[in-house]
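Reader: I have a structure open and want to learn how to read it. Can we go feature by feature?

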Amino acid sequence: MNRISRLRGLFGTAKTEQKAKIPSYVEIDGVRLSDLEPLGGIFKPGVTKAGRLSLSGKTPDNKRVKIYGAYNPAQIALRTDMESEHVASDIYLPKLLLRNDSLLVEEWIDGTPLNMLPDEETKKYESKVEAFLEILQTDPAMIELSEKHSDAFCYLNDYLMTRLEVWEHWQPIKALIQEWQNAKDAVRETLPNRLSHPDLSLLNLILERRTEKLYVIDNELLGVGQGWVIDGQNTFCKQRFDWSRLDNAAQRFASLSWKLRLVGSALDAGDFPCAERRAKI
C-alpha cells in the first residue's frame, strides 16, 4: 500500500469512527430503531452537509441499519422504485427496509470502503462506476423512472444552488449565479433530465465481505435533473469522464455547474479567497 492509500485510509477511518450513542429511539412504520449513532456530520453530528438526518441504528432483532432523511416524498418514491427496478450493473444499492414520508431505512453493508484498498486495486472498479452512471443516464427503464419522478431531489437546484443563495449578494457569487442561469437557459430545451447520483466517492463504495459485491452506501443525493452532467466529476475516477459528448452549450453549463460545486465547498470551509478564485468566469 503506497503513501497516498495509507493517507486515504487514515482519513477514512477518522471520518467513520464511532461517535457517542444517541439516547431513545426512532420509530418508522411501527418499528422502533434503537442503539442510534450519528453518521457523517462534518458540521453537526448526525446531520449531512445537505442538512439531513443520517444515523445508524438497530432493529428489534438486532440488525444494524442506516437511517437517513429524504428531501421530499418524491425522492422516497424514486428510491422505492429503484428497489424494484434493479439497476443492471455491478454496483448495488443496499436493500430498502423501511420508509415513511420523510425517512428511509437501508440495510447496513458490512464491508471494506474502497479508500482502504491500495490504488492498484481501486482501479479495477473504475469501469464499474462508469457503467453504473451510463446506465442511469441512458437505459430506457432508468429514463422512464426519471420522467416519472421529475419532482424528486435535484442536485443542482436543491443542493448546490441552495447553499450558495445566502451568498448571492456577494459579487463573485452574484456574477457566477447569473452566468450559470444564462447557461441553464441555453440548454433548457436540449439537455434532458436524467437520474443522477453525484456521490460515488471511494468512501461511499463498499465491498461487501460475504458476497464481494460493490455497494454505494450514501444515497441521500440520489435524484433527477440536469446535474447528471457532472456526476462523473464527483466520482473517485473523474479522470475517466469528460464532456466531449456534449455540445458547446451543454459543456458550458457543465463547467459552470462544476464551479457551483467547487465554490460551495470553499464557502463551507470558510476559505473566502479560494471561493473568489473559483467563482471567476
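**Reading the model**

Author: C274 is buried, at a relative accessible area of 10%. Buried means under 20% relative accessible area, exposed means over 50%, and partly exposed is in between (1.4 Å probe, protein chains only). This is a predicted model, where local features need pLDDT of at least 70, side-chain atom pairs count only at pLDDT 80 or more, and totals for chains, interfaces and linings use all residues. Residues are numbered from 1 along each chain as its sequence is written, and side-chain values use heavy atoms, with hydrogens and water left out.

Reader: Is C237 buried or exposed?

Author: C237 is buried, because its relative accessibility is 0%.

Reader: How many disulfides are there?

Author: A disulfide is a pair of cysteine sulfur atoms within 2.5 Å. By that rule, the count is 0 disulfides.

Reader: Now salt bridges. What is the general idea?

Author: Side chains of opposite charge can pair when their charged atoms come close. The rule used here is a side-chain nitrogen of Lys or Arg within 4 Å of a carboxyl oxygen of Asp or Glu. The whole structure holds 18 salt bridges.

Reader: Which residue forms a salt bridge with D90?

Author: K128 does, with N to O at 3.2 Å. Helices (H or I, at least four residues) and strands (E, at least two) are DSSP runs, numbered from the N terminus. D90 is partly exposed at 44% relative accessibility. K128 is partly exposed too, at 24%.

Reader: Where does E130 come in, and what is its partner in a salt bridge?

Author: E130 pairs with R240, and their closest N and O atoms are 2.7 Å apart. E130 lies in helix α4 and R240 in the loop between β12 (223-225) and α8 (248-268), so this pair ties together parts that are 110 residues apart in sequence. E130 has a relative accessible area of 29% and is partly exposed. R240 is partly exposed at 35%.

Reader: What about D185 and R188?

Author: They form a salt bridge, with the closest N and O atoms 2.3 Å apart. D185 is partly exposed at 43%, and R188 is partly exposed at 46%.

Reader: Which residues are linked in a network of salt bridges?

Author: K21, D35, E37, K58 and R64 are.

Reader: How do I read strand pairing?

Author: Two strands pair if DSSP finds at least two bridges between them. Strand β6 (residues 96-99) and strand β7 (residues 103-107) are antiparallel, with 3 bridges. L96 stands opposite E106 in β7. A hairpin of 3 residues joins β6 to β7.

Reader: What does H197 touch?

Author: Contact means heavy atoms within 4.5 Å. Leaving out residues up to four places away in sequence, H197 touches F132, L133, L136, V216, D218, N219, L222 and D231. H197 lies in the loop between β9 (194-196) and β10 (205-208). H197 is buried, with a relative accessible area of 0%.

Reader: Last one. Which residues make a nonpolar surface patch?

Author: Patches take residues with over 30% relative accessible area and no salt bridge; like charges are joined within 9 Å, and nonpolar side chains (Val, Leu, Ile, Met, Phe, Trp, Tyr) within 5 Å. Areas come from the Shrake-Rupley method with a 1.4 Å probe, and for residues only the protein chains shown count as cover. Here V166, W167 and F272 make a nonpolar patch of about 290 Å². W167 lies in the loop between α6 (155-165) and α7 (171-186). W167 is partly exposed at 32% relative accessibility.
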